[in-house]
Amino acid sequence: MTHLKEGDKAPIFKGIDQEGKQVSLTDLKGKKVILYFYPKDMTPGCTAQACNLRDNYQALLKKGFAVVGVSTDSEKRHQKFTEKYDLPFPLLADEDRSIHTQYGVWGEKKFMGRIFDGTHRTTFLINEKGVIDKIIIKPDTKNHTEEILEIWQ
């Protein structure tokens, strides 16, 4: 899994979101960043996680949080996902897995007896100074906001 630890400086990521806009950690300086990696748009677990964050987005904004999702899906697929579920935050298209590699969330997985490479669902809570406060491995997709708020009061 990830080589990063809590207390490490977060790698500076840069990516293009579903609207073709560049988003980077540098742009979010001074905010608490919820950087979440998920396997695939339109799948049940990923949809539950995105919708949970969407449903609580205003509360997260009021606390000064920025939410950024990352998967290996294309900008076009992210755009469809965002439109279908009215997602208010950027989803970065990481088709070359460069951000995944920086954060150490791409690797071997097992599912139904099959072994393959894929995204390990992981959330990084990055403070205003760019330091990783918490790493949530295998977040609860249906209650992800609650998990985050328990950590970051």
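G69 stands opposite L91 in strand β5. Strands here are DSSP E runs of at least two residues, helices are H or I runs of at least four, and both are numbered from the N terminus. This is a predicted model, in which local features need pLDDT of at least 70 and side-chain atom pairs count only at pLDDT 80 or more, while totals for chains, interfaces and linings use all residues. Residues are numbered from 1 along each chain as its sequence is written, and side-chain values use heavy atoms, with hydrogens and water left out.

G69 belongs to one side of β4. β4, residues 65-71, joins β5, residues 91-93, through 3 bridges, and the two run parallel. Two strands count as paired if DSSP finds at least two bridges between them. β4 also pairs with β3, residues 32-37, again in the parallel sense, over 6 bridges. In that pairing V33 stands opposite A66.

Now burial. Buried means under 20% relative accessible area, exposed over 50%, and partly exposed in between, with a 1.4 Å probe and protein chains only. In β4, 7 of its 7 residues are buried. In a regular strand the side chains alternate between the two faces of the sheet. Here F65, V67, G69 and S71 are buried on one side, and A66, V68 and V70 on the other.

Next, helix α1, residues 44-55. Its expected span is 1.5 Å times one less than its number of residues. For 12 residues that gives 16 Å, and the end C-alpha atoms are 16 Å apart, so the two agree. Its buried residues are C46, T47, Q49, A50, C51, N52 and L53. Among the elements that cover them are β3, β4, α2 (57-62) and α3 (75-85). Contact here means heavy atoms within 4.5 Å.

Last, the pockets. On a 1 Å grid over the protein atoms alone, a pocket is an open set of points with protein on both sides within 12 Å along at least five of seven lines, and lining residues have an atom within 4 Å of a point. Volume is the space filled by probe spheres set on the points.

The largest pocket has a volume of about 550 Å³. Of its 21 lining residues, P39, K109, F116, T119 and R121 are the closest to its centre. α1, β6 (106-111) and β7 (114-119) each give two or more residues to that lining. The lining divides into 8 nonpolar, 6 polar and 7 charged residues. Asp, Glu, Lys and Arg count as charged, Ala, Val, Leu, Ile, Met, Phe, Trp, Tyr, Cys and Pro as nonpolar, and the others, Gly among them, as polar.

Methods
1 Å grid on protein atoms, 1.4 Å probe; cavity = no way out; pocket = protein on both sides within 12 Å on 5 of 7 lines; lining within 4 Å.
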